[in-house]
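Me: I have a model open and want to go through its packing. Can you take questions as I look?

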Amino acid sequence: MSGNNYYYGDNVNMYGGQGNQGIVKTQTGAGAAGPDPALVAALAELHRQIGELRAQVPAPSAQLLEESLPALSTEAAVPAQERHRALMAIAGIATTVGAVGQPVVQAVQAVIGLLGG
């Protein structure tokens with residue numbers, strides 16, 4: 001059985017060289033998986049609700065909401081820890097404003113559920 005090799009996912013081998021910095025991976029066609037449509041919809045709803053909440057919070061909180069938005073993008077690869085930090089900041093601000101922020105808290109919870117965390 002030493003001749004049988006089964007690979008699921010990526011298999012990368014590097015031998016020698018200089019300045020190796022990683023792998024550039026581009027998939028197109030049937031094998032390319034786009035973002036989860038449910039996650040895209042949940043993030044769009046969260047963006048909408050953040051827009052409404054921003055007008056109802058103090059300027060420093062509005063700025064933090066604004067700064068958190070790039071981590072909620074489906075267009076770019078966002079590290080999980082950065083996305084989680086942004087979601088927690090948004091939920092914290094929404095919680096402090098009470099009933100007005102409750103829809104935002106629920107939207108954050110929905111996104112976290114879709115992300116598996």
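Me: Where does Ile93 lie, and what is Ile93 in contact with, leaving aside neighbours within four places in sequence?

Reply: Ile93 belongs to helix 3. Its contacts, with neighbours within four places left out, are Val57, Ser61, Leu64 and Leu65. Ala62 is 31 residues from Ile93 in sequence, and their C-alpha atoms are 8.9 Å apart.

Me: Which other residues of helix 3 are buried?

Reply: The buried set in helix 3 is Arg83, Ala86, Leu87, Ile90, Ala91, Ile93 and Ala94. These residues line one face of the helix, because they fall within an arc of 165° when seen down the axis of helix 3.

Me: What covers them, and which residues are exposed on the other side?

Reply: The cover over the buried residues of helix 3 includes helix 1, helix 2 and helix 4. Arg85, Thr95 and Thr96 are exposed on the other side of helix 3.

Me: How far does helix 3 reach, and what follows it?

Reply: With 17 residues, helix 3 reaches 24 Å from first C-alpha to last, close to the 24 Å expected at 1.5 Å a residue. Gly98 follows helix 3 and has a positive phi, near 75°.

Me: Switching to helix 2. Is Ser68 buried or exposed?

Reply: Ser68, which is found in helix 2, counts as buried because its relative accessibility is 5%, and the cut-off for buried is under 20%. Leaving aside neighbours within four places, Ser68 is in contact with Ala86, Ala89 and Ile90.

Me: Which residues of helix 2 are buried, and what do they pack against?

Reply: Ala62, Leu65 and Ser68 are buried in helix 2. They sit on the same side of helix 2, because they cover an arc of only 120° around the axis. The buried residues of helix 2 pack against helix 1 and helix 3.

Me: What caps the N-terminal end of helix 1?

Reply: Asp36 does, with a side-chain oxygen 3.1 Å from the backbone nitrogen of Ala38.

Me: Now the largest nonpolar core. Which residues touch the most other members?

Reply: That core has 22 residues, and Leu46, Ile50, Leu72, Val104 and Val108 touch the most other members. Helix 1 (37-54), helix 2 (59-68), helix 3 (80-96) and helix 4 (102-115) each supply at least two residues of the core.

Me: What does Leu72 touch, not counting residues up to four places away in sequence?

Reply: Leu72 touches Leu43, Leu46, His47, Ile50, Arg83, Leu87 and Ile90 on that count.

Me: Last topic, confidence. What does the chain's pLDDT average?

Reply: The average is 83, and 72% of the residues score at least 70. Where pLDDT is low, the predicted coordinates should not be read in detail.

Technical notes. Residues numbered from 1 in each chain as written. Predicted model: local features only at pLDDT ≥ 70, side-chain atom pairs only at ≥ 80, totals over all residues. Heavy atoms only, no water. Core = buried A, V, L, I, M, F, W, Y, C linked by side-chain atoms within 4.5 Å. Buried < 20%, exposed > 50% of the residue type's maximum accessible area, 1.4 Å probe, protein only. Helix = DSSP H or I, 4+ residues; strand = E, 2+ residues; numbered from the N terminus. Contact = heavy atoms within 4.5 Å. pLDDT = per-residue confidence, 0-100. Polar contact = N/O pair within 3.5 Å; in protein donor to acceptor, adjacent residues only side chain to side chain. Arc of directions from axis to C-beta. Expected span 1.5 Å × (residues − 1).
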